[in-house]
Amino acid sequence: MADLHLVIANKAYSSWSMRPWVAMKAQGVAFKETVICLQQPDTAEQIAKYSAAGKVPVLKHGEVTVWESLAILDYLADTLPSHAWWPEDRAARAMARAIAAEMHAGFTNLRSAMPMNVRRTILGRERTAEVDKDVARVQTVWGAARAKFGQGGPFLFGKFSNADAMYAPVVTRFKTYGVKLDAVSQAYADAILAHPAVKQWYADAEAEAWVIEKYEL
Ligand SMILES: N[C@@H](CCC(=O)N[C@@H](CS)C(=O)NCC(=O)O)C(=O)O
């Protein structure tokens with residue numbers, strides 16, 4: 001099988017990049033990675049070498065190019081079916097896919113008000129009612145998954161799955177911005193932050209020399 005090559009952006013700031021990267025690390029899949037720095041004069045040119053969509057993450061696999069974080073997670077599940085990318089149970093898998101899609105398509109108020117920066121702690125930022133609604137919805141989603149399917153471990157569906165990879169950058173945002181969570185959500189967030197793949201992402205982000213002022217405000 002051809003080697004997997006994941007092209008991502010700065011680990012400090014790129015939440016979309018974090019999702020497939022953490023999923024692949026969590027599943028113990030070997031891959032080559034290329035990190036492109038955002039907001040540079042040649043960023044678009046660098047990304048265009050790998051994908052005409054102009055965004056990262058991008059997964060290259062032989063002749064295959066996959067863009068969009070959720071499509072990458074599905075491609076990995078199709079290509080390496082011996083790994084537990086999605087929950088095995090059909091009902092659990094349906095919910096995992098639904099909440100992953102909800103994350104991919106939504107929570108825009110939360111995402112724009114709380115840009116990812118895993119190197120920072122930013123406390124005391126006022127939140128709009130729309131952002132609070134997203135924060136509440138995320139906790140409802142997490143609580144429902146944990147209550148219904150979470151018996152086999154500390155993650156949304158027990159074992160770490162693609163649904164956790166999709167929500168990992170929401171956990172990091174809640175940490176960065178000091179969002180107070182209900183007990184179930186906080187326990188889940190703690191499990192995500194303690195996962196070796198997430199810890200590795202934080203360590204790599206700390207080691208990055210790039211600082212982009214726009215994302216540090
Ligand atoms: N919906 C896309 C979003 C990808 C995206 O917005 N990526 C950002 C980095 S986090 C990007 O590539 N930006 C390119 C640029 O700003 O030049 C996904 O799920 O992969």
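In which loop does E68 lie? In this predicted model, E68 lies in the loop between β4 (64-67) and α3. Its phi angle is near 70 degrees, a positive value in a residue other than glycine. E68 has 18 other C-beta atoms within 10 Å and is therefore partly exposed.

**Overall fold**

The chain contains 9 helices and 4 strands. Read from the N terminus, the order of the elements is β-α-β-α-β-β-α-α-α-α-α-α-α. Along its principal axes, the C-alpha trace spans about 45 × 45 × 25 Å. A compact globule of 217 residues would have a radius of gyration near 17 Å, and the chain, with 17 Å, agrees with this. Of the 217 residues, 39% are buried. Among contacts with a separation of 6 or more, 69% are made by residues 24 or more positions apart.

The domain assignment divides the chain into domain 1 (4-83) and domain 2 (90-200). Taken over C-alpha atoms, the centres of the two domains are separated by 21 Å. Contact between them involves 12 residues of domain 1 and 17 residues of domain 2. On the side of domain 1 that touches domain 2, α1 and α3 (69-79) are the elements that give two or more residues. Helix α1 has the largest share of this side, with 7 residues. By class, this side of domain 1 has 8 nonpolar, 2 polar and 2 charged residues.

The largest nonpolar core has 62 residues, and those with the most contacts inside it are V22, A23, I99, A145, F157, A163 and A168. Helix α7 (residues 162-176) gives the most to this core, contributing 8 residues. Both domain 1 and domain 2 give residues to the core, so it lies between them. For F157, leaving aside neighbours within four places in sequence, the contacts are P87, A92, A96, A145, F149, G150 and A163.

**Surroundings of the ligand**

The ligand is surrounded by 14 residues, and the closest are S14, W16, K55, V56 and S69. Helices α1 (15-26) and α2 (43-48) each supply at least two residues of this shell. The largest share, 3 residues, comes from α1. By class, the shell has 6 nonpolar, 6 polar and 2 charged residues.

S69, one of the closest residues to the ligand, is placed in helix α3. With 29 C-beta neighbours inside 10 Å, S69 counts as buried. Not counting residues up to four places away in sequence, S69 touches W16, R19, P20, P57 and H104.

V56 is also among the closest residues to the ligand, and the peptide bond from V56 to P57 is cis, with omega near 10 degrees. P57 is found in the loop between α2 and β3 (58-61).

**Further residues of note**

W21 is placed in helix α1 and counts as buried, with 26 C-beta neighbours inside 10 Å. Not counting residues up to four places away in sequence, W21 touches L6, I8 and W201.

A positive phi, near 55 degrees, also occurs at F107, a residue other than glycine. F107 is found in the loop between α4 and α5 (108-113). Is F107 buried or exposed? It has 21 other C-beta atoms within 10 Å; the cut-off for a buried residue is 20 or more, and F107 is therefore buried.

S82 is found in the loop between α3 and α4 (90-105). With 6 C-beta neighbours inside 10 Å, S82 counts as exposed.

| Residue pair | Separation along the chain | C-alpha to C-alpha distance |
|---|---|---|
| S69 and R19 | 50 residues | 6.7 Å |
| W21 and E102 | 81 residues | 20 Å |
| S82 and Q139 | 57 residues | 31 Å |

Methods. Residues numbered from 1 in each chain as written. Predicted model: local features only at pLDDT ≥ 70, side-chain atom pairs only at ≥ 80, totals over all residues. Near = placed C-beta within 6 Å. Nonpolar A, V, L, I, M, F, W, Y, C, P; charged D, E, K, R; others polar. Core = buried A, V, L, I, M, F, W, Y, C linked by C-beta atoms within 7 Å. Buried ≥ 20, exposed ≤ 12 C-beta atoms within 10 Å, placed from the backbone. Domains from an automatic or database assignment. Contact = placed C-beta atoms within 7 Å. Rg over C-alpha atoms; globule rule 2.2 N^0.38 Å.
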